[in-house]
Amino acid sequence: MKVIYTAILLFVCSTLYAQTGRTVNGVLKDSTGTTVIGATVKLTSAKDTMQAISSAAGTFSFKNVKVSQFVISVSSIGYQSFNRRYLFNDGTSALELEPIVLKEESKQLATVTVNATRSVVVKEDTLEYRASDYKLQPNAVTEDLIKKLPGVEVDKDGNVTAQGKEVTKVRVNGKDYFGGDVQTATKNLPAELIEKIQVIDDYGDQANLTGIRTGDSEKILNITIRPDRNKGIFANAVVGAGTDDRYQTSVNGNYFNNTRQISLLANLNNVNASLFSGGSGGSGSSRGSSSSGSSSFFGSDRSSRGSSSSRSGFGGSDGITNVGAIGVNYRDQWGKKLTSYGSYSYFSRDNDVLQNVLQESVYRDGNIISNQTNNTNSVSNNHRFNWSLEYQVDTLNYLKVSPYFSYSKSTSDGNSLVSQIGNSQINNLKQNTLTDALTQTPNVGTTVLYNHRFKKPRRNVSLYAGISTSGTEGSQQTDFTGHYTDFGTEAFVKDSVLNQLINTDNSSWSTFSRFSYIEPIGKKSTLEFNWDYNLSKYDNSRETRDLAKAGLRVDSLSNLYNYSFASNNFGLNYRFTEAKYYISLGVSGQPTELTGNSLSTGLSSNRSGFNIVPIARFSYKFSRSKELNISYYGRSNEPNYSQIQPVADRSNPNNPIIGNPNLDAEFTHGLSLRYNTTDFQTGRTLFTYVSANLTNDKIVTNNVQVIKNKTRIQETRYLNADGYSSLFGFYSLSLPFSQKKYVFGFSGSANYSNNLSFSDFVKNEGKNLVLTQRLRMQINPTDNIEFNPSASYSYNQTRNSLETLQTTNRDVSTWALNADTRITFLKTLVLGTDLSKNFNRGYTGSIAANPFILNTYLEKQFFKSKRGTLRLQGYDLLNQSAGVSRSVNGITTTDTRSNRLGRYFMMSFTMRIQKFSGVKPEDMDQGPSYRRDREHGSGRSDRGSGMY
């Protein structure tokens with residue numbers, strides 16, 4: 001028995017040892033003793049094949065190694081390959097290998113100084129992703145790659161958000177691609193061309209040269225092209241036809257020859273697919289004021305009403321749209337010193353929208369409910385031109401000139417039927433309104449940036465200036481018919497008829513300039529003196545004619561009004577830089593002046609203000625993978641024309657708009673915090689962002705009720721008020737497993753705002769809370785199976801302080817379930833599905849919708865490298881697509897349901913052609929920012945080649 005027990009004990013011990021094995025630990029260093037990050041380490045033996053990535057400390061670890069003899073192999077860009085056999089005695093204790101020293105690969109030394117070897121690089125205001133770390137299907141485009149990046153999301157409409165903030169511009173090798181249009185790049189550039197994608201908090205061209213970053217940033221993407229894909233041609237053509245006369249045709253051709261790049265795009269379809277994102281066509285370089293000044297040349301009415309909104313849908317624009325577009329993009333190096341790049345695009349849209357609107361307004365004497373049906377057709381034609389010339393005069397002087405031009409012409413006609421149920425004080429109303437409008441908007445301008453570096457290191461002077469002019473010329477004819485009945489008896493009360501023609505001719509002229517001088521103080525500090533000037537002038541003409549009286553001019557509804565807004569900013573910034581952190585502190589004084597003059601009434605106004613703006617920015621790098629950034633900024637915004645004009649706009653007789661010429665400019669204080677961390681060994685990433693805003697003299701609406709002959713008229717007026725604030729928080733956590741075959745992504749946001757409005761001059765605080773949470777999974781067990789399910793929840797709560805408005809308090813929530821699947825079988829056949837289901841709560845009556853959207857396709861691939869594709873696709877098979885939204889504006893809650901493109905089937909054929917034959921030359925233009933990095937060590941080379 002003892003022999004048997006001993007044999008059993010030995011068997012159990014050997015089994016346990018075979019199951020548990022031992023841990024093998026090691027560290028990688030280079031010849032200087034610096035740890036090597038992101039290297040691929042493999043352990044190979046007769047029983048084991050394991051792989052790991054070296055951490056930020058250069059360490060690696062293998063668990064449950066079942067043998068004592070194995071080979072360690074190490075590979076990393078810029079270093080020679082390492083292979084060594086190890087032999088140890090049997091046992092279970094952990095093994096600590098001697099430090100492995102990697103020798104540098106001289107042939108790739110230049111590459112190492114530019115390219116990171118880590119999966120995600122976290123560096124101050126830039127996140128950098130290596131495209132090779134993400135598994136993609138053949139013929140994937142940039143958008144497919146972006147969807148896999150941690151912290152970056154693409155919605156059903158193709159809009160890109162990074163860390164909860166919308167991406168507004170795309171560059172290729174550091175230069176604007178089609179004027180920076182986001183979807184033009186993401187939907188057309190093949191993913192296999194891409195070496196890296198950088199997500200950048202951009203503060204403008206001047207900040208990238210000087211290193212002084214203040215104010216609010218915008219999110220941009222920079223795409224760097226693989227060296228072996230930077231010389232050649234690639235093209236793509238699609239032709240398709242479907243049921244209900246649906247069609248789609250597109251062509252995308254590109255020629256790359258190192259520094260020369262030429263791209264041509266064209267698209268014609270009636271399936272709501274846009275080639276260009278749209279926009280006004282500005283150059284994107286007009287960030288003249290980084291810390292203050294007007295937020296817009298045209299004074300857009302952003303958030304002035306203190307409203308909140310939520311939306312539920314599955315992508316695609318509202319209505320049915322015919323689209324035609326064509327564009328060309330060009331870039332080249334003209335000699336050793338001059339770089340030229342720019343684009344021209346034309347796009348047209350013909351859109352038909354049918355909307356059902358349910359609106360509830362709360363008054364002291366009872367609620368008023370109206371049902372509205374809108375049928376609108378709009379046609380727009382847009383031209384957009386952007387160009388930039390960069391001249392590197394010598395090693396110390398740099399000049400950039402960027403002219404731009406855009407022109408849009410649009411026509412619209414619509415019919416609106418309204419049925420309004422009154423109360424004891426208000427009559428019922430049935431209203432029919434016909435509108436016919438024509439609008440033309442030209443916009444032209446240019447920006448100039450000059451930078452001079454002195455021979456003394458870090459001493460720098462720069463000037464950034466721009467000028468633009470724009471205009472809006474239009475005419476609108478309105479035919480209004482109102483039929484009033486008594487609320488109780490429904491007896492006829494009266495009819496009201498209005499037939500007006502309104503001609504507008506508005507023009508604006510704007511200029512800005514920003515001067516910066518930087519003086520070094522010691523080895524680690526600099527002092528910046530800056531001056532920032534912004535001036536905007538507006539000339540506005542509005543002429544109203546009564547067509548029922550032979551086109552007689554109505555002086556009381558016509559207006560000639562001119563106004564201007566000017567701001568100066570004198571600032572002083574101190575910056576101290578250490579190896580792990582830098583801090584920037586400053587202060588600026590900002591006088592502002594808002595003047596207005598009505599030529600029609602003789603009224604004039606002059607409003608002056610002065611703001612002291614502290615400036616602060618702090619960045620701390622805990623390690624190569626963890627970083628914290630904190631910043632504060634301030635800016636002023638002037639009122640727009642509709643808010644400031646002294647003459648009433650009565651194109652809608654029941655809702656006239658009356659401006660306030662005594663409005664002050666509002667001033668916003670902004671504070672933001674960003675923390676990013678990534679684990680190079682596991683690939684786990686965490687991105688967090690928090691921002692807070694407080695606005696003084698917020699421009700808000702004042703809804704004034706006027707009752708005359710049992711007819712209610714709601715006047716919209718404007719006031720300044722203090723107390724507006726907002727708080728936003730966002731996080732994104734990515735957890736990859738099994739070499740990124742399985743990725744779990746968690747993201748969420750919280751957005752709280754204390755909106756302000758007035759009802760009959762009584763202040764109301766509308767507290768709005770929006771919470772979102774999302775789980776997104778990427779499941780790719782094999783090259784032939786791709787499954788991406790996701791689930792999200794959003795909650796929208798509104799609470800009003802005024803007792804009379806508390807009945808409009810609303811809670812709206814949406815559960816959204818999505819899943820897209822792609823399965824490849826028999827090598828060249830692909831079956832795909834895209835499922836979307838929403839569960840909406842809180843919407844009212846017929847507006848409520850819980851659509852289930854099902855899209856599917858079957859695809860056959862042809863030719864070498866699967867360059868040809870024949871696809872049969874079915875869209876919205878259950879025919880349930882609809883757009884649902886809610887907005888809360890003071891006393892009124894509005895629920896809207898819009899039509900979307902419904903069920904159809906389409907057969908399409910796609911052909912792709914690619915031929916590459918070259919590598920990126922060592923002397924390729926890297927832009928002034930990159931050269932500054934190499935010469936002065938400013939640490940900005942993480943932005944890739946040719947950024948600025």
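Modeller: Let us begin with confidence, since this is a predicted model, in which local features need a pLDDT of at least 70, side-chain atom pairs count only at pLDDT 80 or more, and totals for chains, interfaces and linings use all residues. Residues are numbered from 1 along each chain as its sequence is written, and side-chain values use heavy atoms, with hydrogens and water left out.

Biologist: How do you know what confidence the model has over residues 8–19?

Modeller: The predictor gives each residue a confidence called pLDDT, on a scale from 0 to 100, and over residues 8–19 this value stays under 50. For that stretch the model has nine contacts beyond four places in sequence, where a contact means heavy atoms within 4.5 Å. Residues 106–117 also stay under 50, with 18 contacts beyond four places in sequence. Where pLDDT is low, the predicted coordinates should not be read in detail.

Biologist: Which elements have the lowest and highest confidence in the protein chain?

Modeller: The lowest is helix H2 (residues 109–112), at a mean of 34, and the highest is strand E45 (residues 868–875), at 94. The protein chain averages a pLDDT of 81, and 85% of the residues score at least 70. The element names come from DSSP runs numbered from the N terminus, with at least four residues of H or I for a helix and at least two of E for a strand, and by that rule the protein chain has seven helices and 48 strands.

Biologist: What makes the meeting of Arg674 and Asp201 a salt bridge?

Modeller: The term requires a side-chain nitrogen of Lys or Arg within 4 Å of a carboxyl oxygen of Asp or Glu; the N to O distance between Arg674 and Asp201 is 3.0 Å, so the pair meets the definition. Side chains of opposite charge can pair when their charged atoms come close.

Biologist: How many salt bridges does a search of the whole structure find?

Modeller: The search finds 33 salt bridges. Another of them joins Lys400 and Asp205 at 2.6 Å, N to O, and it links distant parts of the chain, with Lys400 in strand E24 (residues 397–421) and Asp205 in helix H5 (residues 205–210), 195 residues apart.

Biologist: Is Lys400 buried or exposed, and is Asp205 buried or exposed?

Modeller: Buried means under 20% relative accessible area, exposed means over 50%, and partly exposed lies in between, with a 1.4 Å probe and protein chains only. Lys400 has 6% and therefore counts as buried, and Asp205, at 5%, is buried too. Buried residues make up 51% of the 948 residues in the protein chain.

Biologist: How exposed are Asp811 and Arg799?

Modeller: Asp811 has a relative accessible area of 36% and Arg799 has 31%, so each falls between the two cut-offs and is called partly exposed. Their side chains meet in a salt bridge of 3.1 Å, N to O. Asp811 lies in strand E42 (residues 810–825) and Arg799 in strand E41 (residues 785–800), so the pair ties together parts twelve residues apart in sequence.

Biologist: In what order do the four strands of the open sheet stand?

Modeller: The order is E3-E2-E5-E6, and the pairing is antiparallel. Strand E3 (49–53) and strand E6 (82–87) stand at the edges, each with a single partner strand, so one side of each is left without a neighbour in the sheet.

Biologist: What is noted about the phi of Asn64?

Modeller: Its value is near 60°, which is positive in a residue other than glycine. Most residues other than glycine have a negative phi, and most peptide bonds are trans. Asn64 is in strand E4 (residues 59–65). Leu826 also has a positive phi, of about 50°, although it is not a glycine, and its place is in the loop between E42 and strand E43 (829–841). At 66% relative accessibility, Leu826 counts as exposed, whereas Asn64, at 27%, is partly exposed.

Conventions. Pairing = 2+ DSSP bridges.
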